[in-house]
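This report concerns a protein chain whose sequence and coordinates are displayed below. Please keep both at hand while reading.

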Amino acid sequence: MTERPVSLIPPPTGYIDWLLELKIRIHSAQQRASLAVNRELVLLYWQIGRDILERQSREGWGAKVIERLAYDLRIAFPDMKGFSPRNLKYMRSFAQAWPEAEFVQAVLAQLPWYHQIALLDKLTDSEARHWYAAKAIEHNWSRNVLVMQIETHARARFGQAITNFEQRLPAPLSDLARESLKDPYRFDFLGLHDDAQERAVEQALVQHVTQFLLELGAGFAFVGRQVLLNVGGDEFFIDLLFYHLKLRCYVVIELKGGKFKPEHLGQLGFYLTAVDRQVKSEHDNPTIGLLLCKSKNKVVAEYALGDKTQPMGIAEYKLLESLPAELQTGLPSIEQIERELAALSDEISEED
């Protein structure tokens with residue numbers, strides 16, 4: 001009699017739950033091992049960079065010593081990548097940018113090496129590097145997301161929306177809510193020009209919801225577009241509805257294609273009331289409203305929020321500026337940019 005394949009043998013009672021637990025433990029162990037390897041690699045690179053700095057300063061060695069060191073290390077460790085002259089120069093810059101060993105060990109070692117290179121290449125200000133490094137760790141940004149956040153000046157935009165959160169939400173919820181909003185929001189990824197109508201922007205945001213969520217920031221979960229609310233038999237539609245996992249509340253986003261007007265907040269407030277009464281649970285915090293407009297008068301926005309009892313924020317959004325046709329034809333396509341980036345990545349890999 002042929003034995004049945006092991007996959008067809010019924011497992012004993014409790015086996016499935018035990019297997020699931022083992023999978024979780026193995027996955028956690030793999031993650032810890034990967035983090036440990038990364039930590040040791042980053043610390044090693046920092047120590048090599050520090051040694052290069054110290055010896056060049058003390059012994060008067062010139063730049064050529066890096067090429068000699070790269071050659072000798074490759075001979076000694078032929079199976080180990082990362083000892084190219086270019087990478088050794090990054091190690092030196094890394095140690096120069098972060099001279100405090102304690103900070104490197106406690107904080108920076110949590111980030112992969114290519115994150116460190118991005119911080120060195122894209123930023124010259126120490127305070128800005130600290131901020132982006134902390135956010136990358138907090139939100140688990142990939143290197144590409146980190147670069148995108150730097151290039152779109154996320155640090156200068158977080159917490160800049162005009163809000164009434166301080167007056168309408170309890171601390172520390174008010175601070176967290178304020179830091180969760182930006183101004184302006186950058187929607188360059190939509191490929192729409194500044195004359196696009198609000199409905200076209202709304203539709204494009206849903207079609208590119210992954211990039212939209214990255215621009216909104218950590219914690220936002222997409223619920224729906226044109227969400228139906230039935231109030232007294234009349235139908236109303238919310239432009240965009242999100243749930244914020246850290247704030248534990250719904251976030252209503254309304255898009256306005258022109259300049260901000262005080263009456264816009266009346267409509268937004270109505271939607272907040274409807275969501276609070278019909279959608280949110282007793283465990284959720286009060287719903288927050290975000291009005292996104294193409295432009296705003298800051299003083300008018302502050303006045304308009306002054307007497308509102310519901311938590312609201314006002315921010316601008318930016319699309320691509322219209323360019324003359326002769327300039328548009330000279331711009332690289334997305335596909336060309338992706339090819340250039342892939343080629344650069346291959347070049348770095350081969351050099352290492």
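**Overall make-up**

The model is a predicted one. Its protein chain contains 16 helices and seven strands. Of the 352 residues in the protein chain, 36% are buried. Among contacts in the protein chain with a separation of 6 or more, 63% join residues 24 or more positions apart.

In soluble globular proteins, nonpolar side chains tend to be buried together. The largest nonpolar core here comprises 38 residues, and the members that touch the most others are Leu 88, Phe 94, Leu 119, Tyr 132 and Leu 146. At least two residues of this core come from each of helix 1 (15-59), helix 2 (64-76), helix 3 (85-97), helix 5 (113-122), helix 6 (126-139) and helix 7 (143-151). Apart from this core lies another, of 29 residues, which includes Leu 190, Phe 212, Phe 242 and Tyr 317.

The surroundings of Leu 146 can be listed in detail. When neighbours within four places in sequence are left aside, Leu 146 is in contact with His 115, Ala 118, Leu 119, Tyr 132, Ala 136 and Trp 141.

**The contact of helix 3 with helix 5**

The axes of helix 3 and helix 5 come within 10 Å of each other and cross at roughly 70 degrees. Because of this angle, helix 3 is roughly perpendicular to helix 5. On the helix 3 side, the residues involved are Asn 87, Tyr 90, Met 91, Ser 93, Phe 94 and Ala 97, and they meet Trp 113, Gln 116, Ile 117, Leu 120 and Asp 121 in helix 5. By residue class, this contact consists of seven nonpolar, three polar and one charged.

**Salt bridges**

Side chains of opposite charge can pair when their charged atoms come close.

| Salt bridge | N to O distance |
|---|---|
| Glu 151 and Lys 122 | 2.8 Å |
| Lys 296 and Glu 316 | 3.7 Å |
| Asp 307 and Lys 308 | 3.1 Å |

In the salt bridge between Glu 151 and Lys 122, Glu 151 belongs to helix 7 and Lys 122 to helix 5, so the pair ties together parts that are 29 residues apart in sequence. Glu 151 is partly exposed, at a relative accessible area of 47%, and Lys 122 is also partly exposed, at 40%.

As for the pair of Asp 307 and Lys 308, Asp 307 is exposed, with a relative accessible area of 57%.

**Leu 176**

Leu 176 is located in helix 10 (residues 173-180) and counts as partly exposed at 35% relative accessibility. Not counting residues up to four places away in sequence, Leu 176 touches Lys 246 and Leu 247. Leu 176 and Lys 246 are 70 residues apart along the chain, and their C-alpha atoms are separated by 8.5 Å.

Key:
Residues numbered from 1 in each chain as written. Predicted model: local features only at pLDDT ≥ 70, side-chain atom pairs only at ≥ 80, totals over all residues. Heavy atoms only, no water. Core = buried A, V, L, I, M, F, W, Y, C linked by side-chain atoms within 4.5 Å. Buried < 20%, exposed > 50% of the residue type's maximum accessible area, 1.4 Å probe, protein only. Helix = DSSP H or I, 4+ residues; strand = E, 2+ residues; numbered from the N terminus. Contact = heavy atoms within 4.5 Å. Axes fitted to C-alpha atoms, helices over the stretch in contact; angles between N-to-C directions. Parallel < 35°, antiparallel > 145°, perpendicular 65-115°, else oblique. Nonpolar A, V, L, I, M, F, W, Y, C, P; charged D, E, K, R; others polar. Salt bridge = Lys/Arg side-chain N within 4 Å of Asp/Glu carboxyl O.
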